[in-house]
Amino acid sequence: MAQKTPNTEMSSVQGEYLIRVYTMLREGSRVVGSRLAERLGVSASAVTQAFQRMERQGLAVIDHEWGVQLTPEGRSIAESIIRRHYLIERLLVDTLGFDWADADDEAERLEHSLSPKLETYLFESLGQPTTCPHGNPFPGSPDEERLLGARKLTETKAGESVEILRITEEGEDEGDLLRFAHDHGLLPGTSAVVEEIDLRAGHLMLRVEELHVEMPARWAQCVRVSSPASETTESSG
């Protein structure tokens, strides 16, 4: 069923806030103005005004204990926009061969102009994808719970072999992380060996095939990986 299309004003301004709030909540983060302002590169007062406007329009609830929460309508609109974002990323990367690391920025420019009819067509034409190219699950997809619950790379131990599952939406906003991951082969589905973890020094060492990769811990927190092999074996046995 086609999702309703947000209006132009919603698409260009509040739509972006809705997506940010939605993805933060989906990752289990408490949504507060200061953190969102930092992610968006705007003032705290601008975020406060946006939250108040969303609350007046019935899209969000400002709870001083739990942070900002989306109403069912706000969540529905956010999910509609993010589905389109992921479909555009898939089209760019899978069909057009666009740069994996740049697809997020391009999709952000195009996501609000995709019609429900074209959305449905792309979803079918692209083989009903369940994740974006960076591994994040479509809302309601079969793997959503597993991928959202996957552990952080910083929660692994030295000597572990892991599979890269996804770069979080927050990670996609983290400077050059996508470019770094692309250039060092840290894409979803890639196997890597954790060679060293030194969170006090703020870095990890990985081996991807024959390549040794040093990654800042702040980036590694945004990378989700598979469970330990022993847990995988037990759960499948």
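Predicted model: local features only at pLDDT ≥ 70, side-chain atom pairs only at ≥ 80, totals over all residues.

Reader: How many salt bridges does the structure hold?

Author: A pair counts when a side-chain nitrogen of Lys or Arg lies within 4 Å of a carboxyl oxygen of Asp or Glu. By that cut-off, the number of salt bridges in the structure is 20.

Reader: Let's take one of them. Arg166 forms a salt bridge with Glu27, but how many residues apart are they?

Author: The closest N and O atoms of Arg166 and Glu27 are 2.7 Å apart.

Reader: Is Arg166 buried or exposed?

Author: Buried means under 20% relative accessible area. Arg166 has a relative accessible area of 0%, so the class is buried.

Reader: And why does Glu27 count as partly exposed?

Author: Partly exposed covers the range between buried, under 20%, and exposed, over 50%. Glu27 falls in that range because its relative accessibility is 25%.

Reader: Which strand holds Arg224, the residue that pairs with Glu27 across 197 residues of sequence?

Author: Arg224 forms a salt bridge with Glu27, with 3.9 Å between the closest N and O atoms. Arg224 counts as buried, at 9% relative accessibility. The pair ties the loop between helix 1 and helix 2 to a part 197 residues away in sequence, and Arg224 lies there in strand 8 (residues 223-225).

Reader: Where do Arg109 and Glu106 lie?

Author: Their side chains meet in a salt bridge of 2.9 Å, N to O. Arg109 counts as exposed at 59% relative accessibility, and Glu106 as partly exposed at 27%. The two are three residues apart, about one turn, and both lie in helix 5 (residues 103-110).

Reader: Now the largest pocket: which helices each supply at least two residues of its lining?

Author: About 430 Å³ of space lies in this pocket. Its lining has 20 residues, with Ser29, Arg35, Thr168, Glu170 and Cys222 nearest the centre. The helices that each supply at least two lining residues are helix 1, helix 2 and helix 8 (169-172).

Reader: By class, how many residues in that lining are charged?

Author: Asp, Glu, Lys and Arg count as charged. The lining of the largest pocket has four nonpolar and four polar residues, and its charged residues number 12.

How values were computed:
Residues numbered from 1 in each chain as written. Heavy atoms only, no water. Buried < 20%, exposed > 50% of the residue type's maximum accessible area, 1.4 Å probe, protein only. Helix = DSSP H or I, 4+ residues; strand = E, 2+ residues; numbered from the N terminus. 1 Å grid on protein atoms, 1.4 Å probe; cavity = no way out; pocket = protein on both sides within 12 Å on 5 of 7 lines; lining within 4 Å. Points joined across faces, edges and corners; volume = space filled by probe spheres on them.
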